[in-house]
Every structure is written in structure tokens, then in C-alpha cells.
Amino acid sequence: MIMKLNIGVIKGDGIGPEIVTEAMKVLDKVAGVYGHTCNYTQLLMGGASINVNGIPLTDETILQAKKSDAILMGSIGGDAKTSPWYQLEPSKRPEAGLLKIRKELNLFANLRPAILYDELKGACPLKEEITEGGFDLMIMRELTGGLYFGKRQTVEEDGVLTAHDSLTYNENEIRRIAKRGFDIAMKRRGKVTSVDKANVLDSSRLWRKVVEEVAKDYPEVTLEHMLVDNCAMQLVKDPKQFDVVLTENMFGDILSDEASMVTGSIGMLASASLNETKFGLYEPSGGSAPDIAGKGIANPIATILSAAMMLRFSFDLDKEADAIEQAVEKVLKEGFRTIDIMSEGKTQVGTEKMGDLIAGYIE
Ligand code: NAD
């Protein structure tokens with residue numbers, strides 16, 4: 001079916017505009033080959049929005065974002081030590097825009113695939129016997145509840161400054177993310193590892209109970225529970241054991257960064273944040289990399305793979321998503337590398353050239 005894809009684009013800050021431009025190039029190519037049309041609406045968020053509007057996310061931008069079928073985003077933020085954005089109060093800094101858009105668009109499910117490509121085995125810090133044959137896991141993190149959205153305050157108690165952060169989950173929040181996790185596992189290898197701290201936390205005990213209830217509707221999927229401290233160890237000891245790792249907000253924040261390091265390069269890692277409909281926000285896992293912004297050397301592959309996830313999850317265009325993923329693999333096999341994944345004997349290319357090569361391999 002020929003489709004018109006209405007895509008909101010947040011290029012963002014730092015390397016954001018460079019890497020998103022390449023992802024759009026690849027999207028246009030795949031759309032051209034398969035007969036679709038991409039309509040882009042440029043949206044401002046983060047530092048780019050502060051520069052124009054004084055705040056990181058306006059109501060108008062939220063409205064525009066809601067009208068899109070999906071959002072493709074670069075990354076937002078700057079160097080906290082030098083950027084004037086970080087002189088502003090916390091609620092007006094770039095990252096506040098990110099938290100707000102997730103909440104406004106109800107993006108409660110964050111997907112971060114961690115794939116070890118055979119061609120990039122050398123970048124993996126783990127021993128070869130652990131990574132033999134590669135691995136492909138998906139961290140599914142709850143994104144709009146838990147500690148990061150709970151009540152917080154710092155007060156003086158008996159003359160001592162005391163900080164409080166509260167971790168709250170209700171059963172509905174747990175159920176909807178669990179269902180998403182099992183749905184994704186059905187399309188993959190049929191295993192969910194639910195990660196919690198049920199030996200200590202009440203929120204984790206409820207998490208475990210609800211996940212077990214949801215599992216009854218998915219008899220084809222194997223469910224296992226793992227404590228978060230053990231999971232942190234298992235990710236480096238035996239990452240191949242994992243298919244979908246389902247977990248709450250803060251645990252997922254930490255584990256997904258760990259999983260990304262295990263694959264070797266942040267520049268390769270895509271991500272998606274989904275709501276209950278087909279709508280999603282797709283962005284690379286890394287930040288705005290102010291240290292390399294404007295140099296034309298950033299790796300655009302994570303953003304290009306995020307665009308592939310967008311085609312798969314928001315538009316059900318699986319063939320088109322496959323075409324992008326295969327083009328990325330082909331470019332790696334041919335030996336082309338951006339500086340972050342460069343190794344001896346390979347051909348180093350910049351951001352734009354990498355985008356050209358990937359678009360060129362889509363036929
Ligand atoms: P970062 O991910 O931006 O950079 C960490 C390191 O990885 C840097 O050395 C950087 O050069 C490198 N790197 C990241 N992406 C790369 C790419 N595509 N190609 C090559 N190298 C790449 O993390 P940071 O330095 O901690 O954060 C910088 C800014 O990004 C901060 O303002 C932070 O708040 C923001 N941030 C934004 C998001 C987001 O938009 N979702 C996520 C994380 C961090």
C-alpha cells in the first residue's frame with residue numbers, strides 16, 4: 001500500500017541536525033523506492049527552542065507533534081558546563097522539554113535494541129567467548145512513571161537538609177507496559193525477562209504480580225524474573241540469554257546504557273518511545289555530543305536505524321524497515337566506518353558520506 005507519512009522532525013541540538021538530515025535522506029530514498037511520500041514538519045525542542053521561544057517546548061510544538069503520525073528526533077541539550085541553557089532554572093533547561101513531550105504524548109514505553117553486529121565485534125569490550133555469534137536484545141523501559149516522575153522535595157528536618165524522592169507505580173501503568181513487552185517478544189524470540197527489586201521494594205512486588213498476570217495471556221512467551229543487580233551482572237556475563245528485558249523507569253535507564261556500552265558504540269543504538277496507539281518518537285540513544293557537533297564526523301547510523309524502527313512500529317512498513325537495516329549491514333560489511341567505530345584496515349567516512357552510502361544501498 002502506498003502511504004503518505006506525516007513525520008514531525010525535531011532536529012534538536014549539537015549533532016542532532018547533522019544526524020537527522022542523514023536519516024531523512026535515507027527515509028526519502030526508501031520512500032522513493034517503495035512509492036511512499038514523506039511530509040516533514042520541523043519542530044523546535046530543547047536548546048533550539050530556548051533560543052527562539054525562551055522555553056524548551058511550547059504548547060504549539062506539542063500540538064504540532066500530536067498532529068504527526070510519528071516523530072523523528074536527533075538529540076537535545078548542550079554542554080552543561082559552558083552552555084547558557086544551564087544557567088536557567090531546571091524546568092526551563094533543554095532536558096525539561098524531553099520529559100514534558102514524553103508525558104504530553106503519553107510515551108510510556110521506551111524500546112532500546114542492543115545489537116552486536118558481527119562486523120563491529122572488535123568494539124565490544126567483552127571477551128570473545130562471551131560474544132561469539134553476536135547478540136540481539138531489546139530493553140523495554142517504562143518511561144512516564146516511577147522515581148523520575150514521583151513527588152520530590154528537599155526540606156530541613158531537625159536542622160538537617162533531607163531530600164525525598166518517591167517511587168510510585170499503579171497496576172495500570174505496569175499492565176500496559178507489560179503487554180507491550182509481551183507483544184514485542186511475540187515478534188522476536190518469545191522470551192521476556194522482567195527486571196525488578198522485588199526483594200526490597202513494594203513497587204517491584206506489584207510489578208512482578210502484574211507481569212505474571214499479563215503473562216497468562218501470552219502462553220507462547222517464556223517469562224523469567226531477575227533482580228536488577230543480577231541483571232546488571234548478567235548483561236556483561238551472558239548477554240545472549242536475553243530477548244526482551246522489561247523493566248521500570250530508573251532500572252531501565254541504567255540497564256539500557258549498560259547494554260549500549262556492551263555493544264561498543266553509542267552511535268549505533270536506535271530507540272523508540274511508544275504510546276498506546278501507533279504513534280511513536282524515534283531517536284538515537286546517545287545525546288547531542290557537543291564535543292563533536294559541527295565537525296561532520298558524528299555517526300548517523302543510530303538515527304537511521306531509529307527511522308527504520310519508525311517505519312516498522314508506526315507505519316507497519318516492515319519491508320522498508322528491513323531494507324534500511326540491510327543497507328546498514330551492507331555498509332558495515334563493505335568496511336565503511338565513522339570515526340567512533342573505526343578500526344584498522346577500514347575506510348573512515350564522515351556523517352554525510354555515511355548517509356549517502358546507506359541511501360545508495362537501498363534499491
Ligand atoms: P552524549 O551521548 O552526547 O556523548 C557521550 C560521548 O559519545 C561523547 O564522546 C560523544 O562524542 C559520543 N557520541 C554520542 N553520539 C555519537 C554519535 N552519533 N557519533 C559519534 N559519537 C557519539 O552524552 P553526554 O555528553 O553525556 O551528553 C551531552 C548532552 O546530550 C547533554 O546535554 C545531555 O543532557 C544530552 N542528552 C540528550 C539525550 C536526548 O536527547 N535524548 C540523551 C542523552 C543525553
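**Exercise 1.** Is A321 buried or exposed?

*Solution.* The model is predicted, so local features need pLDDT of at least 70 and side-chain atom pairs pLDDT 80 or more, whereas totals for chains, interfaces and linings use all residues. Residues are numbered from 1 along each chain as its sequence is written, and side-chain values use heavy atoms, with hydrogens and water left out.

Step 1. Buried means under 20% relative accessible area, exposed over 50%, and partly exposed in between (1.4 Å probe, protein chains only). A321 has a relative accessible area of 0%, and therefore A321 is buried.

Step 2. A321 lies in helix α11; helices here are DSSP runs (H or I, at least four residues), numbered from the N terminus.

Step 3. Contact means heavy atoms within 4.5 Å. Not counting residues up to four places away in sequence, A321 touches A308, L311 and R312.

**Exercise 2.** Describe how helices α11 and α12 are packed.

*Solution.* Two packed helices are described by the angle between their axes and the distance between the axes.

Step 1. Axes are lines fitted to C-alpha atoms, for helices over the stretch in contact, and angles run from 0 to 180 degrees between N-to-C directions. The axes of α11 (residues 318-333) and α12 (residues 351-360) come within 8 Å and cross at roughly 120 degrees.

Step 2. Angles under 35 degrees count as roughly parallel, over 145 as roughly antiparallel, 65 to 115 as roughly perpendicular and the rest as oblique. The helices α11 and α12 are therefore oblique to each other.

Step 3. From α11, the residues A327, V328 and V331 meet M354, L357 and I358 of α12. The residues of this contact comprise 6 nonpolar, no polar and no charged; Ala, Val, Leu, Ile, Met, Phe, Trp, Tyr, Cys and Pro count as nonpolar, Asp, Glu, Lys and Arg as charged, and the others, Gly among them, as polar.

**Exercise 3.** Which residues touch the most other members of the largest nonpolar core?

*Solution.* Step 1. A nonpolar core is a set of buried Ala, Val, Leu, Ile, Met, Phe, Trp, Tyr and Cys residues joined through side-chain atoms within 4.5 Å.

Step 2. The largest such core has 69 residues, of which I7, L72, L111, Y282, L311, F315 and I358 touch the most other members. Helix α10 (residues 301-313) supplies the largest share of this core, 9 residues.

Step 3. A second, separate core of 19 residues includes V195, M226, C231 and V245.

**Exercise 4.** Where is T351 placed?

*Solution.* Step 1. T351 is in helix α12.

Step 2. T351 counts as buried because its relative accessibility is 3%.

Key:
Helices (H or I, at least four residues) and strands (E, at least two) are DSSP runs, numbered from the N terminus.
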